[in-house]
Amino acid sequence: MADLSYVRTEMVPEQAPPPSSVGVLGWLRENLFSGWFNVLLTLLSAAFITMILAAVLPWLFHSSWTAGSLNECRQQIAAAYGEHAEGACWAVIRERHLQLLFGFYPSELYWRPVLAFVVTFLALAPVLFPALPRKMLWGSVLVPFLVPWLLWGGTLWLPLTVLAGFGLGYVALRGVSGLAGGLGGVVAAAAVAVLWWLFLAGPVAQGAHALFPLGLEPVPSRQFGGFMLSITIGVVAITLSLPIGIVLALGRQSDLFILRTICVGFIEFVRGVPLITLLFVASVLLNYFLPPGTNFDIILRVIIMVTLFASAYMAEVIRGGLAALPKGQYEAADALGLDYWKAQRLIIMPQALKISIPGIVSTFIGVFKDTTLVSIIGLFDPIGLSNAIRADTNWNGIVWELYGFIALMFFVFCFSMSRYSMYLERKLQTERR
């Protein structure tokens with residue numbers, strides 16, 4: 001008798017998915033041809049990309065690498081690809097790439113900025129990648145004193161005396177905290193360190209150098225330029241703006257009226273003023289407020305202004321992360337009996353920083369790109385050097401090759417920061433899906 005049941009008594013054998021739903025065909029069907037509107041956009045985009053590539057690729061590859069001037073470039077391109085052919089003159093990059101990278105830094109001393117940046121990125125590695133040995137952080141502490149000495153040169157005793165100021169401040173902190181409390185210890189540490197740096201560090205360094213002359217050949221700031229200058233300003237501003245921004249964000253949320261007012265006033269003033277205005281203040285107006293004869297390095301002035309500018313924006317980004325935390329996190333910290341600083345360090349601030357990662361990295365990228373504004377006040381960053389190169393009669397009229405090379409270098413740095421941001425977000429993703 002035939003089995004007329006509606007329920008199967010055996011398993012259906014497993015079958016392979018349709019070829020059009022997996023692999024390359026599946027990806028194309030899902031992402032590019034999932035509907036009539038998506039098909040239309042795909043075809044229009046393909047036509048637009050083809051048109052752009054048809055115009056750009058011949059210009060990129062019909063190029064000259066050996067010419068000594070723009071006219072010679074054009075002659076070589078015409079001889080190789082036809083009388084009316086147009087192409088890129090990459091010879092200017094071959095001839096001036098060292099100047100774009102190092103500015104007017106002495107060529108025999110290029111090893112110093114190269115070593116300084118290698119040491120800087122090695123010092124940042126244990127901070128950026130926690131899987132590395134924690135002992136490497138001791139080297140990260142010393143690098144901020146080593147790198148300026150490598151770049152500017154001078155006596156070795158000056159960075160050592162600056163480092164000694166932090167040691168004296170720590171001794172004052174430990175000694176006074178037991179007598180006057182934590183706040184008194186902080187005030188004493190700051191006072192001791194500042195007095196040492198203002199009045200004793202210089203004479204002690206000069207006396208030690210007279211007895212034991214150790215140092216490098218000094219290089220004045222006017223010889224700095226190119227990507228070396230942009231990276232120097234960008235790395236210092238990025239590194240310092242994060243802790244200063246955290247302090248400002250906490251100060252803005254403080255219950256102390258004076259502290260909150262100062263932080264709010266600073267943040268709103270800096271965010272309400274264009275960066276170029278602050279750079280003009282650093283370049284021109286700041287000298288009017290200093291004692292006569294004071295030699296305040298222009299690059300140091302610019303670094304201070306860019307750092308303060310970035311710190312104000314960083315404070316608002318972090319404040320947004322603090323505001324996004326649910327109130328229960330603060331209540332949990334209180335229930336555990338943690339004081340304010342332990343609660344911020346162990347519970348509140350790690351979560352706020354994780355929430356703020358996209359905004360923090362966006363601020364970092366913006367700060368690094370804004371370093372090109374220093375060309376307006378006479379510093380030779382890559383944009384300023386491109387103008388100087390085009391002022392040469394041999395390369396007068398060349399534009400796209402220089403700006404293309406500069407854009408490529410900035411893209412490499414900014415894209416690397418954005419990819420690290422995505423890596424960090426994935427690593428810190430602890431919520432269950």
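This report looks at a disulfide, a neighbouring alanine and a nonpolar core in one structure. The model is predicted.

**The disulfide**

Start with the sulfur atoms. A disulfide is a covalent bond between the sulfur atoms of two cysteines. A search of the whole structure finds one. It joins C73 to C89, with an S to S distance of 1.9 Å. The two cysteines are 16 residues apart and link distant parts of the chain. C73 belongs to helix 3. C89 sits in the loop between helix 3 and helix 4, which spans residues 91-102.

The bond also has a hand. The torsion about the S-S bond of C73 and C89 is about 80 degrees, so this disulfide is right-handed.

**How buried are these cysteines?**

Buried here means under 20% relative accessible area.

| Cysteine | Relative accessible area | Class |
|---|---|---|
| C73 | 0% | buried |
| C89 | 2% | buried |
| C263 | 7% | buried |
| C414 | 12% | buried |

C414 has a relative accessibility of 12%, so it counts as buried. C73 is buried with a value of 0%.

Where is A67 placed? A67 lies in the loop between helix 2 (36-61) and helix 3 (70-81). Its relative accessibility is 0%, so A67 counts as buried.

Now look at its contacts. Leaving out residues up to four places away in sequence, A67 touches E72, C73, Q76, A91, R94 and W395. One of these, C73, is a disulfide partner of C89. A67 and C89 are 22 residues apart in sequence. In space, their C-alpha atoms are 8.0 Å apart.

**The largest nonpolar core**

The largest nonpolar core has 83 residues. Which of them touch the most other members? They are Y105, F224, V302, V306, L322 and W395.

Helix 11 covers residues 298-324. This helix gives the most to the core, with twelve residues. Domain 1 (35-93) and domain 3 (220-428) both give residues to the core, so the core lies between them.

L322 deserves a look of its own. Not counting residues up to four places away in sequence, L322 touches A249, L250, Q253, Y330, Q344, I348, M349 and A352.

**In brief**

The disulfide joins C73 to C89. W395 is among the core residues that touch the most other members.

Key: Residues numbered from 1 in each chain as written. Predicted model: local features only at pLDDT ≥ 70, side-chain atom pairs only at ≥ 80, totals over all residues. Heavy atoms only, no water. Helix = DSSP H or I, 4+ residues; strand = E, 2+ residues; numbered from the N terminus. Buried < 20%, exposed > 50% of the residue type's maximum accessible area, 1.4 Å probe, protein only. Contact = heavy atoms within 4.5 Å. Disulfide = S-S within 2.5 Å. Core = buried A, V, L, I, M, F, W, Y, C linked by side-chain atoms within 4.5 Å. Domains from an automatic or database assignment.
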